[in-house]
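This report describes selected features of one protein model.

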Amino acid sequence: MLKSSNSSFWLDNDFFNDDQYDMLGEDIVAKPKGKDPMKLAGYRRAIGNFVRIVTGEAIPVKFNTSGDSYTDGKTVTISASLKDKDFDPAVGLALHEGSHIKLTDFDTLRGLQDWIKNHDSYMISLAEKHGAKDSSLDNFDRWWSSEYILPKMKTLINIIEDRRIDAWVYKNAPGYKGYYQALYEKYFNAKIIDKGLKSDEYTNYDWDSFIFRICNLTNPNRRLDVLELRTIWNMIDLKNIARLKNTNEVRDLAFKVFQFIEDQIPSLELDKEEEKGNGPGEGGQGEDEENECSGGNGEPKTPEGDAESDDGSKAEGEEAKKGDGRNLGGGNEAPKGLDELNDRQKYQLKKAIEKQEKFQNEEVKKTGISKKMQKQMTALENSGTEMKEVEYESQNYWENKGHVRKENVAVIHNFTKDLVNNVECGMWDSYWGIERNKENVSEGIRRGIVLGKKLKVRSEQRDTKFSRLRSGKIDKRMIANAGFGAEAIFEKIESFAYNPGIIHISIDNSGSMSGMRFNNAVKTAVAIAKASSMIDNMDCVISFRAGSNFSGNDCPVMLIAYDSRKHGMNQIKTLLPYVQISGVTPEGLCFDAIMKEIVSSSRGKDAYFVNMSDGMPYYGNYCGDSARKHTREQVKKMTREGIKVISYFITGSNGISDGERSAFDSMYGKEAQYIDTSKINEVAKSMNKKFLEIA
């Protein structure tokens, strides 16, 4: 069972299987090391669909290729980690980033520093409160806007903006709540965060404490009795967060919260720090200096400052709080039975807070992929490659009964040059045999021109004229008879034309098809494709099939190399020469994998399925009578849908044996054809015969 319960309904059962070995039928085979580009491509495609559904926009989703990755306001970047425990949170993070892209005005964030500088009077008063000597903007303008106010404002804006976006997602895409909940379980609802919220940790009047408590206001363990948080709770008003319509309104609210917090925290006493050379005029003072001013244990200073005791320790605890006129509850008594954290838990809490800060600042570390892997995935996605699970019944001889087996078939819907260049597969090669294959394609095109002229049946339109009728269109030749009482002076012409048609040619390019068999099959397929292009309303698809190594996996592969509905003849000229023989013959498995597509594309058309192979289906346990039976079932499925099947047995130099003929007949029956496919007249004759069956 997957721990990623929200994803278990669409992920394969072995998606998170990190075992070194896998089962191929009954054989144990070594699994490829490293990330699987097929899985990653499917993962990215699924998340991309989720993001598009949630946001209603075509927002690109990509993997990180180097270092940490952040939302750029245009693209969602996801982690390439396929660990079960990280998966649902990763989906939730992608949806979160996608919603940011849709709803957040990034120009508001980019212009935040200039917006802060426009509040001159407030910056002056803030500087004076913290003890700056010179209250003129010229001396501390840059430091106060960029080093002190800006990071705190960004954090507050991110916290409030996240709540606004969460509310929008929960309202508009409630079906994806599970992914969001997994996201927040990982980053915000850790047990150590719960313990920290219920403790007296981070209850001092400093920015670290305020940010930690505000960041976790949605946690049920929040405490509103500290740091005047009830006032901040009411200011943010989470139940009505949807009242904030845009990022500008979020920024304005964040600034009010910032001002309120500044009113609560004590002075930093910059005069004393400047005397030490650490003031704004000498490089500025960041969060670390602020924490130092708060005291080693994080306690806030009073406006008058903390006096050191004789042993050098700071005055702290209740006296410091009383000196500031406040207590932990902001007027409320602290609850009893608070959790106390030991040193190890305090360290864990610090790390958990850092994790939250990275999330708020969009600095979540994501596992990347290499540029090579990125190219492989892009090629796979652009080719429309997907894995189809096919079931078949295999006979257990020792039990004398059938056993249902499953095989994953890789279906490549669009053969591309990027696929050849970036994805390894035994079914194609970018070097060996290219020139010879180009000659086969050229010869096929020449034959196709001849074949197109011979396939006259599909191009013919037949008109039948019926005359001497009592209704219809007047026959001009019969008008003269109208005056003599003749009434049958009308005629009607009935025309017959063929429906739009489609031919799917599937070629076995297993190892046994090597040499002249494969050459003849390619020439014939190209000839039919060329002839189809010369016939009105006739589409043609050419596919190749084999059991081969594909992208590091051994599996049956169905390669759709040409489809006239989206390709021109140039696709045949440029890409078919790369196709090579490879592996074994998964005949019916490949037919089954694209059966729905074959049937759906034949609706309302005269459809033909042309098979070219040398017989015996075989792939692992897929062999013998059960494989031939399964292949026969696929042929029957097509014929039941009105698809006319022609299956050419491609012979080699030794002709065909009785066993091969018997096996071929058992799969294709009367659809089996034993002709010399190198003789175009025989091909034309057999195809015209099928055309006339539909006529």
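## Lys629 and its helix

In this predicted model, Lys629 is part of helix H24, which spans residues 624–640. Lys629 counts as exposed because its relative accessibility is 51%, and the cut-off for that class is over 50%. The C-alpha atom of Lys629 is separated by 7.9 Å from that of Ser666, although the two residues are 37 positions apart along the chain.

## Packing of H24 and H25

Helix H25 comprises residues 658–668, and its axis comes within 7 Å of the axis of H24, the two crossing at roughly 40 degrees. H24 is therefore oblique to H25. On the H24 side, the contact is made by Arg628, Thr631, Arg632 and Val635. H25 contributes Ala663, Ser666, Met667 and Tyr668. Sorted by class, this contact has four nonpolar, two polar and two charged residues.

## The nonpolar cores

The largest nonpolar core of the protein has 86 residues. Those with the most contacts inside this core are Phe415, Trp428, Ile505, Ile542, Phe544 and Phe550. Helix H20, covering residues 516–533, gives the most to the core, with nine residues. A second, separate core has 72 residues, among them Val51, Val76, Phe87 and Leu156.

Which residues does Phe544 touch, not counting those up to four places away in sequence? They are Met427, Ile507, Asn509, Phe518, Val522, Val557, Met558, Leu559, Ala561, Leu576 and Val579.

His100 is located in helix H2, which runs over residues 84–103. Is His100 buried or exposed? With a relative accessible area of 4%, His100 is buried, since that class requires a value under 20%.

Leaving aside neighbours within four places in sequence, His100 is in contact with Phe106, Glu161, Asp162, Ile165 and Glu362.

## The protein as a whole

The secondary structure of the protein comprises 26 helices and 15 strands. The protein has 695 residues, of which 50% count as buried.

Among contacts with a separation of 6 or more, 73% involve residues 24 or more positions apart.

Methods. Residues are numbered from 1 along each chain as its sequence is written. This is a predicted model: local features need pLDDT of at least 70, side-chain atom pairs count only at pLDDT 80 or more; totals for chains, interfaces and linings use all residues. Side-chain values use heavy atoms; hydrogens and water are left out. Helices (H or I, at least four residues) and strands (E, at least two) are DSSP runs, numbered from the N terminus. Buried means under 20% relative accessible area, exposed over 50%, partly exposed in between (1.4 Å probe, protein chains only). Contact means heavy atoms within 4.5 Å. Axes are lines fitted to C-alpha atoms, for helices over the stretch in contact, and angles run from 0 to 180 degrees between N-to-C directions. Angles under 35 degrees count as roughly parallel, over 145 as roughly antiparallel, 65 to 115 as roughly perpendicular and the rest as oblique. Ala, Val, Leu, Ile, Met, Phe, Trp, Tyr, Cys and Pro count as nonpolar, Asp, Glu, Lys and Arg as charged, and the others, Gly among them, as polar. A nonpolar core is a set of buried Ala, Val, Leu, Ile, Met, Phe, Trp, Tyr and Cys residues joined through side-chain atoms within 4.5 Å.
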